[in-house]
Amino acid sequence: MNDQIGMEETNAPKSSVRAKIQAMGGFLTNMVIPNIGAFIAWGILTALFIETGWMPNEDLAAMVDPTITYLLPLLLAYTGGRLVGGQRGAVMGSIGAMGLIIGADIPMFLGAMIVGPLGGLIIKQFDRLIEDKVRAGFEMLVNNFSLGIIGFFLMILSYTIIGPVIESANNGLTVAIEALVETGYLPLLSLLNEPAKVLFLNNVIDQGIYYPLGFQQSADLGQSIYFTVASNPGPGLGLLLAFTFFGTKTARRTAPGAIIIHFFGGIHELYFPYVLMRPLTLLGMIAGAMSGIATFQFFDAGLVAGPSPGSIFAYLGLTPPGNFVGIISGVVIATIVSFVVTSLILKFTKGPEDQEKDNLTESMKKSKAMKAEGKQAFAPSEEKDVKTVNKISFACDAGAGSSALGATTFRKKLKKENINDIEVKHFRIEDVPTDSDIIVVHKNLLDRARLTFEDKEIITIENYIGDPKLDDLIEKLKEK
């Protein structure tokens, strides 16, 4: 069986570099998006109560700096650590992030997005290393002290080495982009942004580069143009309007619906298939984005936080006092320029309507495939056999005491029976993975488990280490 799996992995197509970058962008998105509400809350706090805000208030404005310095980086680190290493990874990432925060003079967003997942990875690898090596009954002791000791060293490492390195890199990147701002060449970033967005690398660009720089600048100035560099909904609106008026039958029929979702819903991926269908229209996107950035620069306009999703409503909601003319002008001008350039391209390169219809269909398929490729870049190649048991989760109220003891004991019993291909772990009952095949809980927790896992096989026991039902489960697994 192992040979067969190895053969499947060998023959499986390797993910492209683009797909792996997409996957990284997806990971960044999963780290940032759950915390967007906190960033928006900070943006509203800034827009209202700082000295140049709508309702200046020195007492309430005192919350602005601690929020961006401590809360927001810690949330990013916690989420990143949890994505990699579960709850223990979340705690480890947060511990490491404190070393960055205390040792830096800037908001450590980039650092938190690195150290959070790093902490999760470290504790995950440690847990794998000691799996099956901890004596029954000592699980909680080992878990707590290992997390504390390794977290201590990660905090020191973050403070002395990782933080200064990241701060230097951040400062270098900031200087490079600020040089573009000072020389008036910031619109040139559109030459990189727009092609990358169509390849579904928009998350890498926005969440990985412009958001951290934007929040850093916004903390100092109360606004930042970086939030608008890659998120302006104007270029996409202009492109879709051009397809609405000058596209062929299929494009004219589908583009208006895409406009609503793109411009008002903020889902920019809706226009990507149209660009893929007519690659020359990328010139219209670049021209529109450049003109929008130039307009924002002219009016010295910016947003107080990252507009996610990139909807016109998010743009207006995050516009600080005195910036509405500049922000609206930047969106409108980007729309007009993109519309004019794209319309000319469509008018002078129009092909047969049937071919255009086929091209749009193929482009939509290609667009979906490209996005799916990014999501699956690091997914295992073989399909899971739903008839087999691959994961057994022991759960208790806190996920640290009795369930840890039960999982350790059961795992050793499986090993004695030469059953080595079943993953056995312990969790807090609300944190049990959804891909668990069997969930083991104390009988008093059955109703609580059923609230979340109605379709799972749940085994109730009275004793986590010597219950007859666990012995019966061992026998059933031996038969399979």
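The legends below describe close-up views of a predicted model. Local features need pLDDT of at least 70 and side-chain atom pairs count only at pLDDT 80 or more, whereas totals for chains, interfaces and linings use all residues. Residues are numbered from 1 along each chain as its sequence is written, and side-chain values use heavy atoms, without hydrogens and water.

**View A. Crossing of helices H5 and H7.** Helix H5 (residues 64–103) and helix H7 (residues 139–183) have axes that come within 7 Å and cross at roughly 35 degrees. Helices here are DSSP runs of H or I with at least four residues, and strands are E runs of at least two. Axes are lines fitted to C-alpha atoms over the stretch in contact, with angles from 0 to 180 degrees between N-to-C directions.

**View B. Salt bridge between Lys391 and Asp435.** These side chains meet at 3.1 Å, N to O; a salt bridge requires a side-chain nitrogen of Lys or Arg within 4 Å of a carboxyl oxygen of Asp or Glu. Lys391 lies in strand E1 and Asp435 in the loop between strands E2 and E3, so the pair ties together parts 44 residues apart in sequence. Lys391 is buried at 13% relative accessible area, while Asp435 is partly exposed at 38% (buried, under 20%; exposed, over 50%; partly exposed, in between; 1.4 Å probe, protein chains only).

**View C. Salt bridge between Asp471 and Lys413.** The two side chains meet at 3.5 Å, N to O. Asp471 belongs to helix H19 (residues 468–479) and Lys413 to helix H17 (residues 402–416), so this contact joins parts 58 residues apart in sequence.
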